[in-house]
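The entries follow the order in which I looked things up.

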Amino acid sequence: MSEALDALYRDILMDHYRNPRGKRKLLNPEIHNHGENPLCGDELEMEIKIDGDRVADIYVSCAGCAVSVSSGSMLAEIIKGKSLAEVKRIARAVKAMLTGGEVIDEIELGDLEVLEGVKKFPVRVKCALLSWATLVNSLESYEHGLETKVSSTE
Amino acid sequence: MNGERMTAIKNGVKIGVGSVMAPAGLDPLVIKGDFPILSRIINGHKLIYLDNAATTQKPSCVISALRNYYENQNANVHRGLHTLAEEATAAFEATRKKVAEFIGSVKPEEIIYTRNATEAINLVAYSWGRHNLKPQDRIVLTEMEHHANLVPWIVLAKETGAELKFIPIDGDGLLDLENIDRIISEDTKLVALTHMSNVLGTINPVAEIARIAHHNGALVLLDGAQSVPHLPVNIKEIDADFYAFSAHKMLGPTGIGILYGRESILQKMEPFLFGGEMISEVDFEKATWNVLPWKFEAGTPNIADAVAYGSALDYLTDLGMEAVRSHEMDLTAYALRKLSELDSIKIFGPMDSRLRGGAISFVDRQIHPHDLATFLDSRGIAIRAGHHCAQPLMRRLGVGSTARASFYIYNTFEEIDEFVGAIAEARRYFVNE
Ligand SMILES: Cc1ncc(COP(=O)(O)O)c(C=O)c1O
């Protein structure tokens, strides 16, 4: 079995892929956003219920590959209950991990660290980023009181 | 070099059919020997290259022609008065003649070098379209076009006020010609369609459509990017007005494309780009255009790649395009049968190999095309996954993306077995069954 392949499709990733978290639709979510990766046709729907400055609940539904689906599932798992400031820090850290960007602050990424294996497959980095790009875009629009719109990885 | 190419043709028994000799079959194993890259090991496995619709690999004769050009003949064309310039010009123009011969003995003046099929189509959209279309004129396309034969027309329609109409496809991935008489109307000025789909593999009845188009006074542009490399093509029999294709999809180098244009139409067209090479006389205020085909070839062209493309055409001519088609039809029929045996696989496009070429798009019910492509790559098998530059068609098929395997002269039945076997293995890897 190829090592790089197994490093990409780690057990944790495959578990999230087969049983994605955050699959319950929300009632009156503050944020409802749609993400897409035009290069591969992957699509993602995201709803977030905000309570004060926290993410009370999140729904993520992704029609895509194992990498994009599991990344979205891990996102749902990790950001639920976190403050918006923390969520943004995590999103920044994930992006830095995937794109080799500057790490601003060290945070525990937990399950998300399995996404490191994606770095060896440059074309798949966008798959891993789809849910995170949609999230960041949604929060920005929310904080500026704008209607959310379609986010794209392009 | 000739001997090198000739080795690729199997000294098999020629079977006479009436007075016509059936072409000798290809021997893909011998052919493989002519392609250095095919002995590469990828991720611990021997490369199985099934992404030929994207680009094909290059035989040694093409690679050495490129090298030979730079080592022995390099000069600018059409302007020098020295030996090298004459030799370079002769080699550059020799390929033009070979192209003209290859697609049904058209005139060399009707062959214009471009960078690729995309540029060839854009040339027509700019030079012909902008001067000949007005509001209410109609451009007819099909639902299976590559973006290269879609986006230039969308932009042109927007600029000129012309409308676009699409010939639909049916459930088998064939063009539905039921309402063709209403779609191709008297207002239609251009019918632009692919000769062979890069997604569905469908070979379209282009001669029939050209007849209907001409009957309505429309011109016909064919996107031959997938057909010229794989089928015997005779432009005169099809009666196309424009025909576009790329050298890199038929053993040639990247950076060379071809536009065939009917001489009488090219004569009346304005140049595409302006500068050196395309003029006959320049004053400070005015210039007159050069004759065909140079009118459309402004600036120093891609000489080396054009010269090497000539070797690719020789290679294919020696194999014989009938034999190429026959080999691919066999591979396609076999692959369609093998893939159909996997319950989880859905194939798009016609299932009859006589109606299609060897580009097979499919999806697995559970495994995303990306994951499948990554898995196959770990076994040294190169396929394509994505929307194949045909997003409207993907929407029409109701999928975001597909996986695609596409064959060429060096592919074997054993490789198809390995490919199908690896899909079964991918299912064990990704799917809990
Ligand atoms: C049907 C079809 N048309 C046009 C093109 C564009 O070819 P090129 O990128 O060489 O211009 C392709 C290549 O993918 C194709 O398959």
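From which domains of chain B does the lining of the largest cavity draw at least three residues each? I worked from a predicted model. I found that domain 1 (35-50 + 320-430) and domain 2 (64-317) of chain B each supply at least three of the lining residues.

Entry on the cavity. For the largest cavity I noted a volume of about 30 Å³. I then listed its lining, which includes B:Asn52, B:Met196, B:His230, B:Glu328 and B:Phe407. Sorted by class, the lining holds four nonpolar, five polar and one charged residues.

Entry on strand E7 of chain B. I checked burial along residues 138-142 and found five of the five residues buried, so the strand is largely enclosed by the rest of the structure. I recorded the side-chain directions next: B:Arg138, B:Val140 and B:Thr142 point one way, while B:Ile139 and B:Leu141 point the other way.

Entry on the neighbouring strands. I looked up the pairing of E7(B) with strand E8 (residues 163-167) of chain B and found five bridges in the parallel sense. Within this pairing, B:Ile139 has B:Leu164 as its bridge partner. I traced the chain from E7(B) through helix H6 (residues 151-160) of chain B to E8(B) and noted a right-handed β-α-β crossover. I also found E7(B) joined by three bridges to strand E9 (residues 188-194) of chain B, again running parallel. There, B:Val140 stands opposite B:Val191.

Note on methods:
Residues are numbered from 1 along each chain as its sequence is written. Chains are lettered from A and ligands numbered from 1 in the order in which they are written. This is a predicted model: local features need pLDDT of at least 70, side-chain atom pairs count only at pLDDT 80 or more; totals for chains, interfaces and linings use all residues. Side-chain values use heavy atoms; hydrogens and water are left out. Buried means under 20% relative accessible area, exposed over 50%, partly exposed in between (1.4 Å probe, protein chains only). Helices (H or I, at least four residues) and strands (E, at least two) are DSSP runs, numbered from the N terminus. Two strands pair if DSSP finds at least two bridges between them. A crossover is right-handed if, with the strands pointing away from the viewer, the path from the first strand over the helix to the second runs clockwise. On a 1 Å grid over the protein atoms alone, a cavity is a set of points where a 1.4 Å probe fits but cannot get out, and a pocket is an open set with protein on both sides within 12 Å along at least five of seven lines; lining residues have an atom within 4 Å of a point. Grid points are joined across faces, edges and corners, and a volume is the space filled by probe spheres set on the points. Ala, Val, Leu, Ile, Met, Phe, Trp, Tyr, Cys and Pro count as nonpolar, Asp, Glu, Lys and Arg as charged, and the others, Gly among them, as polar. Domain bounds come from an automatic or database domain assignment.
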